Amino acid sequence: MPKQSAGDAGRLRICLAGAGPDGMGHGLRAACVDRSAGQDIDADMLISSEAILRASPALPPVELLACQALRRLGRAEAARARLSALARDHAHVPAVMWELAQAASEAGAGRQAIAALESLTRQQPSVSGGWFLLAKELRKAGRGAEAWRADLSGVHASGHDAELLKAATAMHGGDLDGAEAIMGAKLLRQPDDPPALRLLGEI
């Protein structure tokens with residue numbers, strides 16, 4: 001890993017805490033990556049995650065980071081295969097089901113995407129992006145009535161998203177920089193969140 005000064009501008013620190021409330025902790029140590037924002041973050045995340053996994057294979061949060069990086073680098077099928085294995089033991093973790101759904105959707109595995117999204121929206125019905133992606137996959141599968149209901153659920157969920165409401169309030173108050181910062185932080189965690197992308201486009 002190249003040496004960087006403490007004052008590097010735009011430095012990004014990505015840390016995944018070892019023992020969080022998402023059911024994937026239980027003594028796992030933190031995985032941290034330091035890189036400047038000017039580099040390819042996804043490629044760097046993949047390299048760093050794979051290095052950690054070679055030393056300690058049983059780290060589900062790091063495997064999730066590696067799969068996310070694979071998908072965002074255009075390797076959806078590789079990500080889908082690994083996420084399918086991860087989901088066998090961690091189907092109760094919404095972040096795993098969200099990544100699996102996106103990878104399956106991008107890889108053309110619509111049935112698997114729908115199953116993952118149905119699981120995700122049962123666990124976290126307030127995740128509007130999950131509903132909207134479910135509606136898209138249902139529509140592709142010719143299940144128009146179910147897609148329409150999923151769209152309605154997504155619209156309803158968007159109204160309860162604290163970050164979206166906070167950003168919209170900032171926009172209404174003329175604080176466009178604040179609204180953009182809120183949406184930027186949300187999209188860093190969920191790069192494909194449809195409501196956040198839509199709102200960011202209006203800022």
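Helix α4 (residues 94–106) and helix α6 (residues 128–140) have axes that come within 11 Å and cross at roughly 30°. The two helices are therefore roughly parallel (angles under 35 degrees). This is a predicted model, where local features need pLDDT of at least 70, side-chain atom pairs count only at pLDDT 80 or more, and totals for chains, interfaces and linings use all residues. Residues are numbered from 1 along each chain as its sequence is written, and side-chain values use heavy atoms, without hydrogens or water.

Contact here means heavy atoms within 4.5 Å. On α4, W98, A101, Q102 and S105 make the contact with G129, G130, L133, E137 and K140 of α6.

Helix α5 (residues 110–123) also packs on α4, with axes within 8 Å crossing at roughly 155°. That makes α4 roughly antiparallel to α5 (angles over 145 degrees). In α4, the residues meeting α5 include P94, M97 and L100. Among their partners in α5 are A113, A116 and L120.

| Pair | Axes within | Crossing angle |
|---|---|---|
| α4 and α6 | 11 Å | roughly 30° |
| α4 and α5 | 8 Å | roughly 155° |

Now helix α8 (residues 162–172). Just after α8, G174 has a positive phi of about 85°.

Definitions and conventions:
Axes fitted to C-alpha atoms, helices over the stretch in contact; angles between N-to-C directions. Helix = DSSP H or I, 4+ residues; strand = E, 2+ residues; numbered from the N terminus. Parallel < 35°, antiparallel > 145°, perpendicular 65-115°, else oblique.
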